[in-house]
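I opened the notebook to look up a few things in this structure. The entries follow in the order I made them.

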Amino acid sequence: MGTKVFVNLPVKDLEKSKEFFAKLGFTFNAQFTDKNAACMVISEENYAMLLVEPFFKTFTKKEIVNAKLNTEVLVALSSESKENVDKMIKNALDTGAKEASEPHDHGFMYGRSFEDLDGHIWEIFWMDPKVIVPS
């Protein structure tokens, strides 16, 4: 079994966050979802745990960063094509997100980003498979 990645993000309103991400096509694992948290399935190996702020605070002694004012992390998700990048961004913007930066087109790589309802930045990118060299 490979390593699974769980990115934990604080959210102000769990139901609104779940509704937002569901409109972008993400699903939730009910086994790890309750009134304090929602396990958003990104892929078979990658998940985002959306945690209401009071619950999130039980995991750290540090203050929660206001993601609308500061950036602590950029979550980058690969996409199958440039068209899918644009489609995801359009869906996000139509659902209440803000575009976080101008599109980046380097020919072999294309990306755009959005801020979710809590200000977390999600980068959606496509990379030409011909330039990816296996390690």
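Which residues form one aromatic cluster? I found Phe20, Phe21, Phe26, Phe114 and Trp122 in it.

Ground rules. I am working from a predicted model, where local features need pLDDT of at least 70 and side-chain atom pairs count only at pLDDT 80 or more, while totals for chains, interfaces and linings use all residues. Residues are numbered from 1 along each chain as its sequence is written, and side-chain values use heavy atoms, with hydrogens and water left out.

Aromatic pairs. I paired rings of Phe, Tyr and Trp (its six-membered ring) if their centres lie within 6.5 Å, and called planes under 30 degrees apart stacked, over 60 edge-to-face and the rest tilted. I counted six aromatic pairs by this rule. One of them joins Phe20 and Phe21, edge-to-face, at 4.9 Å centre to centre and 85 degrees between the planes.

I then looked up burial, where buried means under 20% relative accessible area, exposed over 50% and partly exposed in between (1.4 Å probe, protein chains only). Phe20 has a relative accessible area of 2%, so I noted this residue as buried. Phe21 also counts as buried, because its relative accessible area is 2%.

Next I took Phe55 and Phe59, whose ring centres are 5.2 Å apart with planes at 85 degrees, so this pair is edge-to-face as well. Phe55 is partly exposed, because its relative accessible area is 28%. Phe59 reaches 57%, so I wrote this residue down as exposed.

Whole chain. I listed three helices and nine strands, taking helices (H or I, at least four residues) and strands (E, at least two) as DSSP runs numbered from the N terminus. From the N terminus on, I read the order as β-α-β-β-β-α-β-α-β-β-β-β.

How does the radius of gyration agree with that of a compact globule? I took the radius over C-alpha atoms, with the globule rule as 2.2 Å times the number of residues to the power 0.38. For 135 residues the rule gives near 14 Å and the protein has 15 Å, so the two agree. The C-alpha trace spans about 45 × 35 × 30 Å along its principal axes.

I noted that 35% of the 135 residues count as buried. With contact meaning heavy atoms within 4.5 Å, 51% of the contacts between residues at least 6 apart in sequence join residues at least 24 apart.
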